[in-house]
Structure formats: C-alpha cells, structure tokens
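Q: I have a chain open and want to learn how to read its features. Can you take me through them, a feature at a time?

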Amino acid sequence: MCWWGAAATFGDLKAPTPSSIGWTLNELAPLVRANDVNVQMPFLRDLFVCMMLAPVLVRASTAWLALIVSIVVVWSVSGVHVPLLLRPQILVFFIAGMAARRFGVAERVARWPVVLCALPFVALIAPRLWTALLGNAFFDAHPYMMAAFDMVFRLASAVLFWRLAWGLAGSNVADRLRGIERYGFLAFCDHLVLLWLFGPVIGLATGALGAALYPAYLLVQPLLVFGVTIVLGQVLMALSPSVARVLSGGRLGRSASVTA
C-alpha cells in the first residue's frame, strides 16, 4: 500500500490515493467494505469468516445447506451491503465445495471429457465479453442481471478449470508444476500490487486500452507477475525464510517435495 500510495501521490501512477484516515485503515484491514486497491484482502477476510462457519456448515444437512445458499445468492445478487461478508458469493462457492465433496462431484467431473466441461464456459464467454465491451454503463443499468450472470459464469469457469487441473495432475508436467506451485499464494498476494506499480510503465510501450499491442500486454501479464514473484520469493527465502513462509502460506522456505 505504501508503494503505490507514494507513487500515486508523488508520481504519475493513476491509482487511488489516501483520502482519509478511515479510508487508509480500511485499505490496511478491510472491515466494513472491500479495498479499492488490494482486492485480495477482502477475499482472504471473507474466507476466514467462512472457515469460522465451517464447523457448523459441515454438520448441516443438505436441506439446510441448500437454504443457506439460496439466501446468500439472493443477498449477493441484491447488492445489499452487510459487513459480515464483503463478497457473499464467496460463501456460495465455499458451500458448493462442501457439497462437491459430500456428493463426490469432484471425482465425477474429473472423468468428464474436457470438451463437455468447456461447453458452458464457451457458451457464456461471448455474452460476457459483449457486456464488457459495453462498459460500466451497461452494468449499472442491469445490476441484478449482471450479478446473477457473474455467479453462473464463475461456476462454469470453476468446472472447466477444475477438470483441466485434474488432467494436469496426471500428466507428465505435474512435477514441474508442483515446483512453481510453491509461489502460487505469494503471486495471489502480490499480483495486483505489481500490476498497479509496473503496469503503467509497460503500458508506455504497448499503448493504452484499445492500442494494437495492448492485447499482448494482457496475455503476458501472468508470466510477468509470476516471473517477478519467483524472484521475490527467492530473495525472501535468502533474507528471511520465516517471512517467506508466512507470505507464501507455508509453501516457501521448505523443499518442494515437502510442499508437494
């Protein structure tokens, strides 16, 4: 936060700047609303809330889980703000994961053809791109419809990428993927900060949104972030393995065989 805040305040970085003490405190610890910059924090905060509810949810009957999911779906689509959860759809997918485990859905999906799992995603990606091109005005004009569509699209995406993950886990590249997976949580934590800081610099070469080279920048963003994250992780392990373990969710500072 200090990096991009200073760069936006004293430099030319187009990013939110501290406007009040309350805004700054909420950016550090998202208690009442989602952050403007570090969007990973609200996700982790809501995930911790879900984990606190997990002992009750895992013992609930299927009928009760269905009722809870229905209530939370309506809550999420309605846009009503209740600070208990900043993004209530996270609880929907948290319970969906429990249901998938309870009914063996994950194993069944792993046996489905990839093409079958891709069909819902492919069918929904076209309208999703079309609405994105229409801009924020369309989203503001149809908030409930877009919120509902977003949840369905995320579910279709989850099924496809879950199936792809199962396929990769049994492939020849599995061991190499486990080696770089150690940096996954650190990349999750730092990717948006890196994009805020270095994205505008790279944009000087590719041009702004709509420029001919801009799609290339979007395509290489994951590689750029992961490359910087690996270097950052190596530096952290050399300077302080304990800090590296904390920032990587326990993945770094240990051998790849242990974390795999």
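Q: Start with burial. In this predicted model, are Asp-46 and Arg-45 buried or exposed?
A: Burial is read from relative accessible area, with under 20% counted as buried. Asp-46 and Arg-45 are both buried. They also form a salt bridge, and their closest N and O atoms are 3.1 Å apart.

Q: How many salt bridges does the model have by this rule?
A: The test is a distance: a side-chain nitrogen of Lys or Arg within 4 Å of a carboxyl oxygen of Asp or Glu. The count is four.

Q: Where do Asp-150 and Arg-154 lie?
A: Look at the spacing along the chain. Both residues are in helix H9, which covers residues 143–169. They sit four residues apart, about one turn of the helix. Asp-150 forms a salt bridge with Arg-154, with 2.7 Å between the closest N and O atoms.

Q: Which side chain meets Arg-251 in a salt bridge?
A: Glu-181 does, at 3.4 Å from N to O. This pair links distant parts of the chain, 70 residues apart. Arg-251 is in the loop between helix H13 (241–247) and helix H14 (256–259). Glu-181 belongs to helix H10, residues 174–181. Arg-251 has a relative accessible area of 27%, so it is partly exposed. Glu-181 has 36%, so it is partly exposed too.

Q: What about a charged residue with no partner? Where is Asp-190, and which side chain of opposite charge is nearest?
A: Check burial, then look for the opposite charge. Asp-190 is in helix H11, residues 184–206. Asp-190 is buried yet has no salt bridge. The nearest side chain of opposite charge is Arg-182, 14 Å away. Beyond its neighbours within four places in sequence, Asp-190 contacts Gln-40, Val-225, Thr-229 and Leu-232.

Q: Now helix geometry. What span is expected for helix H7?
A: Compare the end-to-end C-alpha distance with the value from 1.5 Å a residue. H7 (residues 114–134) has 21 residues, and 30 Å is expected. The model gives 31 Å from the first C-alpha to the last, close to that value.

Q: Which residues of H7 are buried, and what covers them?
A: Read burial along the helix, then look for the elements in contact. Cys-117, Ala-118, Phe-121, Leu-124 and Thr-131 are buried in H7. The cover includes helix H6 (105–111), helix H8 (136–141) and H9. After H7 comes Gly-135, with a positive phi near 90 degrees.

Q: Why does the span of H5 agree with expectation?
A: The 14 residues of H5 should span 20 Å at 1.5 Å a residue, and the end C-alpha atoms are 20 Å apart, so the two agree. The buried residues of H5 include Gln-89, Ile-90, Phe-94 and Met-98. Among the elements covering the buried residues are helix H3 (40–57), H4, H6 and H9. Just after H5, Gly-104 has a positive phi of about 65 degrees.

Q: Which residues does Met-151 touch?
A: A contact is a pair of heavy atoms within 4.5 Å. Residues up to four places away in sequence are left out here, and Met-151 touches Val-73, Ser-76, Val-77, Gln-89, Val-92 and Phe-93. Met-151 lies in helix H9. Its relative accessible area is 10%, so Met-151 is buried.

Q: Where is His-81, and what lies 2.5 Å from a polar atom of its side chain?
A: For a loop residue, check which elements flank it and what its side chain reaches. His-81 is in the loop between helix H4 (62–78) and helix H5 (89–102). The backbone oxygen of Val-32 lies 2.5 Å from a polar atom of the His-81 side chain. The two residues are 49 apart in sequence, with 9.1 Å between their C-alpha atoms. His-81 also touches Arg-33 and Leu-86. His-81 has a relative accessible area of 48%, so it is partly exposed.

Conventions: Residues are numbered from 1 along each chain as its sequence is written. This is a predicted model: local features need pLDDT of at least 70, side-chain atom pairs count only at pLDDT 80 or more; totals for chains, interfaces and linings use all residues. Side-chain values use heavy atoms; hydrogens and water are left out. Buried means under 20% relative accessible area, exposed over 50%, partly exposed in between (1.4 Å probe, protein chains only). Helices (H or I, at least four residues) and strands (E, at least two) are DSSP runs, numbered from the N terminus. The expected span of a helix is 1.5 Å times one less than its number of residues. A polar contact is a pair of N or O atoms within 3.5 Å; within protein, one must be able to donate a hydrogen and the other to accept it, and residues adjacent in sequence count only if both atoms are side-chain atoms. Lys and Arg count as positive and Asp and Glu as negative; His and the chain ends are not counted.
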